[in-house]
Amino acid sequence: PMYFEDGSAIQLRQIYPTLLEVVIFCWILGMLWDECKQVHSLGFKAYFSDVWNMVDVAMLSIYGVAYTLKITSFRLAYSAAIDYENSADTVLLPLIASDRKYWNTNDPMILAECFHAVANCLTFARLMYILPANSHMG
C-alpha cells in the first residue's frame, strides 16, 4: 500500500475496468456493429433520414467518448501510481487517490461519468420510443 506523508494509507483508485464495464462496452460495440449494418443495407441518405438513427449515432458517439475518457483515466492512474512509488510526489495524489476530494474538477473519470450519464438518457429515450409500439412490451 501507499501512504500519505502523515503515515495514513492511501486508498488507490481503480486502474482496471470492472467486469460490468467490460460487458457494457461489449454491448455498445454490438450496437455500433448493428448501426453499421443498417447504414450498409439502407444506404447513407436513407439511414440518416430517420431522426432516431441520428439519436443512435449521437448516443454511440457519446458512449465512445465516455469509454475513451475511462481508459485514459485508468492509464493515468496506473502510470501515476508507479511514479508515486518511485518519488512520493504529492502532485500525483489526485491521479492515484480513490477519494474524490483529492481529484481535479476536470478529471477524466468525472467527465467520463458525465458523458456516460448523458448517453444513458439517450438510451432510455430511445427505449421509451420503441416500447409503446410493441403490443407485448409496452
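**Exercise 1.** Identify the helices that each supply at least two residues of the lining of the largest pocket.

*Solution.* Helix H1 (19-42), helix H3 (51-87) and helix H5 (108-130) each meet this condition. The model is predicted: local features need pLDDT of at least 70 and side-chain atom pairs pLDDT 80 or more, while totals for chains, interfaces and linings use all residues. Residues are numbered from 1 along each chain as its sequence is written, and side-chain values use heavy atoms, without hydrogens and water. A pocket is an open set of points on a 1 Å grid where a 1.4 Å probe fits, with protein on both sides within 12 Å along at least five of seven lines; lining residues have an atom within 4 Å of a point. The lining consists of Trp 27, Met 31, Asp 34, Glu 35, Gln 38, Asp 56, Met 59, Thr 123, Arg 126, Leu 127 and Ile 130. H1 gives the largest share, five residues.

**Exercise 2.** State how many helices and strands the chain has, and in what order the elements run.

*Solution.* Helices (H or I, at least four residues) and strands (E, at least two) are DSSP runs, numbered from the N terminus. The chain has five helices and two strands. From the N terminus on, the order is β-β-α-α-α-α-α.

**Exercise 3.** Determine which residues of H1 and H5 are buried, and which elements lie against them.

*Solution.* Buried means under 20% relative accessible area (1.4 Å probe, protein chains only), exposed over 50%, and partly exposed in between. In H1, the buried residues are Glu 21, Ile 28, Met 31 and Glu 35; their cover includes helix H2 (44-47) and H3. In H5, Pro 108, Met 109, Ala 112, His 116, Ala 119, Thr 123 and Arg 126 are buried, and these pack against H1 and H3. Across the chain of 138 residues, 28% are buried.

Methods. Contact = heavy atoms within 4.5 Å.
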